[in-house]
Amino acid sequence: MSQQILLRAGVEGSADVALRPMTEGSAAVLGSKLANIQPWTRYQVPPYALSAFLGDIEPGAPRYELRLGDALAGGMVLRLNWMRGPYLQFLGLLPDFQHQGIGDLVLRWLEDTAVKCEDRNLWVAASEFNARALSFYERHGFERVATIDDLVRDGINEILLRKKIAPLR
Ligand SMILES: CC(C)(COP(=O)(O)OP(=O)(O)OC[C@H]1O[C@@H](n2cnc3c(N)ncnc32)[C@H](O)[C@@H]1OP(=O)(O)O)[C@@H](O)C(=O)NCCC(=O)NCCS
């Protein structure tokens with residue numbers, strides 16, 4: 001994995017977004033801040049647990065920190081080769097960096113990469129109560145394929161979404 005992947009901003013004058021391998025320090029910051037926003041507050045995920053998950057090193061499951069210019073903007077965890085394509089296990093932007101098109105750039109990069117790898121699908125799951133995240137993924141062409149009850153906590157459903165990848169011609 002190269003040290004940095006640059007995602008070019010579509011809007012003129014906007015800073016590029018960089019994906020970098022997650023450092024322990026960034027995992028600590030992101031875990032403590034993201035534990036205080038939805039959906040993680042609803043699950044009462046302790047900050048230390050989120051930091052540990054984001055900072056973990058696991059074959060086939062790269063962790064990235066997202067940077068906008070010099071600023072730490074969020075984090076992402078992928079599970080590669082999940083089911084004929086990667087599973088986006090975690091995507092979280094800090095509140096100051098939401099609604100600036102970063103999520104859009106990340107999903108485009110994910111899809112471009114999947115096309116090059118000749119994957120057939122992209123996968124993601126979002127909590128049923130997380131209406132913003134669900135509409136974000138649906139706007140990007142993901143479709144609901146299953147409801148999984150009690151996956152993270154009893155009484156809360158998770159929605160599995162899939163995007164079929166159009167093959168290279
Ligand atoms: C859900 C999430 C990943 C989306 O990422 P994002 O970077 O905020 O997404 P985008 O900016 O690409 O798009 C979101 C909205 O911002 C708008 N937007 C994009 N660029 C913009 C800009 N330059 N100015 C104003 N609005 C903009 C988009 O049109 C979209 O609007 P809409 O929701 O009204 O349709 C992010 O908001 C997040 O981390 N949320 C909290 C954690 C979470 O729910 N994670 C998902 C768990 S499955």
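Modeller: This is a predicted model. An open sheet of eight strands runs through it in the order β1-β2-β3-β4-β5-β6-β8-β7, and the pairing is mixed.

Biologist: What makes β1 and β7 the edge strands?

Modeller: β1 (5-7) and β7 (143-149) each pair on one side only. On average, neighbouring strands of this sheet are turned by 30° against each other, with direction ignored.

Biologist: How do you know that β1 pairs with β2?

Modeller: Two strands pair if at least two bridges are found between them. Three bridges join β1 to β2 (residues 17-21), therefore the two strands count as paired. They run antiparallel, and Leu7 stands opposite Val17 in β2.

Biologist: What joins β7 to β8, and in which direction do they run?

Modeller: Six bridges join β7 to β8 (residues 157-164), and the strands run antiparallel. The bridge partner of Ile148 is Glu158 in β8.

Biologist: Why is β7 called hardly covered?

Modeller: A residue is buried if 20 or more other C-beta atoms lie within 10 Å of its own. Among the seven residues of β7, the count of buried residues is zero.

Biologist: Which strands does α3 lie across?

Modeller: α3 lies across β1, β2, β3 (63-68), β4 (71-79), β5 and β6 (121-127), and runs at about 160° to β5.

Biologist: Which residues are closest to the ligand?

Modeller: The ligand is surrounded by 18 residues, of which Gln98, His99, Gly101, Gly103 and Asp104 are the closest. The elements giving two or more residues to this shell are β5 (87-93), α3 (102-116) and α4 (131-139). By class, the shell has nine nonpolar, seven polar and two charged residues.

Biologist: Why does Asn81 count as exposed?

Modeller: Asn81 has 12 C-beta neighbours inside 10 Å, and therefore counts as exposed, since the class takes in 12 or fewer. Asn81 is found in the loop between β4 and β5, and its phi is positive, about 50°.

Biologist: How do you know that the bond between Gln38 and Pro39 is cis?

Modeller: The omega of this cis peptide bond is about 5°. Pro39 is placed in the loop between α1 (24-34) and α2 (47-55). Most peptide bonds are trans.

Technical notes:
Residues are numbered from 1 along each chain as its sequence is written. This is a predicted model: local features need pLDDT of at least 70, side-chain atom pairs count only at pLDDT 80 or more; totals for chains, interfaces and linings use all residues. A residue is near a molecule or strand if its C-beta atom, placed from the backbone, lies within 6 Å of it. Helices (H or I, at least four residues) and strands (E, at least two) are DSSP runs, numbered from the N terminus. Ala, Val, Leu, Ile, Met, Phe, Trp, Tyr, Cys and Pro count as nonpolar, Asp, Glu, Lys and Arg as charged, and the others, Gly among them, as polar. Axes are lines fitted to C-alpha atoms, for helices over the stretch in contact, and angles run from 0 to 180 degrees between N-to-C directions. Two residues are in contact if their C-beta atoms, placed from the backbone, lie within 7 Å.
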